[in-house]
Amino acid sequence: MAVFRSAILDAHREIPRQLMVALAGFCLLTMSAHAQPAGAAPTPADTAAQASAANSAQKPSDAAPSPAVQNAAPPATSEAEGTSSAQTPDKTPHDPKDIVESQQRLVTRTEDQFGKRSRQAAEAYVDLAEAQRRAGDHAGAEKSYLAAIDVYHALEGPFTPLAIEPLTALGDNYRETNDYMRAVTAYGEARTINRRVYGLLNEDQIPLIDRISDVMLELNKPADAEEQQLDALRIVERSHPPESDEALGALYKYAGWLREQGRFQEERDQYMRALRTVHDHYGKEDPHEVPALLGIGNSFRVQRIPEPQGAGALHDALQILTMHGSADKLALAETLRDIGDWEVAFTKVDYDGAEYRRSWQYLGEVADGDKYRKQWYSGPNYVLREPVSLAGLSQDPNSPAGHVIVKFDLDKTGHASNVTIVESDPPGFKDEAVIRHIRRSRFRPQMADGLPVAHEALALQFNYRYSRNALLSDKDKEKGKSAKE
């Protein structure tokens with residue numbers, strides 16, 4: 001544990017030097033936590049089970065900013081509300097600070113009952129740390145995670161797998177406060193234990209690799225981030241044959257990462273590599289081709305290029321599924337959805353939503369189909385993203401943070417109107433750029449009862465890092481105006 005604490009302190013001292021390499025120029029858009037990005041790279045899991053999109057990290061290419069929290073419906077009123085009841089009232093604390101105090105008392109009781117060096121005490125410290133994170137007390141959470149890790153090390157030694165979870169959460173805690181170097185150190189320690197206990201090629205380490213990769217991007221080290229992604233790809237490729245769903249899925253995951261970096265041709269090269277592998281092992285026009293074909297089509301769309309090869313790839317995927325009489329209704333629904341996205345993005349006339357309607361129908365035959373209907377068709381989900389002006393923005397994690405919340409209406413063809421700024425910080429700095437972005441972008445139409453419908457008052461939140469010089473210049477202009485008046 002002393003070694004880990006020393007590593008944390010060393011990493012902390014390195015922060016100023018590391019952050020000097022930050023490059024201005026890219027905005028950070030917060031991805032929607034509940035909606036699949038319209039251009040997410042397909043994987044075998046997408047066509048088989050539509051696994052949730054990974055990486056809530058900010059992306060410049062096709063990652064949708066988080067929808068602002070909209071007005072929630074009031075809680076349902078119990079029929080018994082207002083009447084006497086013999087039921088015991090709920091004494092569970094709901095305020096985050098009260099929950100922390102409750103967890104602190106639980107830690108004390110647990111230590112008294114089982115001892116300070118007990119597994120139960122360590123688990124109580126982890127629960128306390130989680131409560132402290134939710135309450136915004138990141139310093140307290142750090143101490144609690146470290147206390148849990150100390151106990152696990154004392155019980156089972158420095159390489160106990162019990163320490164992996166709190167080390168990972170500790171890294172997440174550091175990342176939430178932009179303490180990226182210590183986050184990397186915590187993730188690295190967790191990965192070291194993972195590899196020592198479970199083997200160098202075990203795939204459970206890949207989520208840790210992804211976290212390290214994301215932090216490398218935060219530190220403006222794209223080459224280091226890519227090396228992590230390639231390492232994850234190599235781990236899977238060494239454990240599975242190239243034609244397996246696992247190996248192809250890892251290839252698609254790497255291709256998706258390339259898309260997020262705006263490296264579209266390299267992304268499509270990975271899909272072509274996958275197609276060659278499928279042809280060699282399964283033959284041409286095999287359903288295994290579908291994820292790669294969808295990836296090619298969506299890559300062109302996300303790049304905002306109406307290349308016929310992209311549309312052709314999408315229709316080839318649909319033809320293969322139809323020709324084989326595919327029983328995979330989810331794959332059919334996804335393919336039709338992507339063709340609809342292409343039409344909304346590039347058609348010069350209003351699209352009638354035919355593919356979306358068929359997609360909706362197929363989802364009615366899919367387990368959890370209602371979940372996919374909500375995820376896909378209740379966005380807002382981008383199908384064509386107009387870039388936001390990068391003027392005045394910075395990628396330096398120490399730059400001032402700000403945001404813009406925008407509200408708008410969508411018609412049934414995916415066009416935005418009535419675009420208004422709800423809130424911005426600093427006020428007015430990126431308002432016009434965001435309004436222009438929303439008006440020029442295209443969105444997947446909302447669906448109700450199987451038909452595209454107009455929708456009012458959708459909202460998105462854009463989170464940015466601002467250039468200090470740009471903000472200073474803006475303030476100086478305001479001062480100058482005030483002096484003249």
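Colleague: Hi! What should I know before reading the values?
Modeller: This is a predicted model, where local features need pLDDT of at least 70, side-chain atom pairs count only at pLDDT 80 or more, and totals for chains, interfaces and linings use all residues. Residues are numbered from 1 along each chain as its sequence is written, and side-chain values use heavy atoms, leaving out hydrogens and water.

Colleague: Thanks! Which residues are buried in helix 9?
Modeller: Among them are Ala225, Leu233, Ile235 and Val236. Buried means under 20% relative accessible area, with a 1.4 Å probe and protein chains only. Helices are DSSP runs of H or I, at least four residues, numbered from the N terminus.

Colleague: And what covers those buried residues?
Modeller: The cover includes helix 7 (180–198), helix 8 (206–218), helix 10 (245–260) and helix 11 (264–282), with contact meaning heavy atoms within 4.5 Å.

Colleague: New topic: how many aromatic pairs are there?
Modeller: The count is 13 aromatic pairs. Rings of Phe, Tyr and Trp (its six-membered ring) pair if their centres lie within 6.5 Å; planes under 30 degrees apart are stacked, over 60 edge-to-face, and the rest tilted. The rings of Tyr254 and Trp257 have planes at 10° and centres 6.5 Å apart, so this pair is stacked.

Colleague: Where do Tyr254 and Trp257 lie?
Modeller: Both are in helix 10, three residues apart, about one turn of the helix. Tyr254 and Trp257 are both buried.

Colleague: Which residues do ring pairs link into a cluster?
Modeller: Tyr351, Tyr356, Trp360, Tyr372, Trp376 and Tyr377.

Technical notes. Buried means under 20% relative accessible area, exposed over 50%, partly exposed in between (1.4 Å probe, protein chains only). Helices (H or I, at least four residues) and strands (E, at least two) are DSSP runs, numbered from the N terminus.
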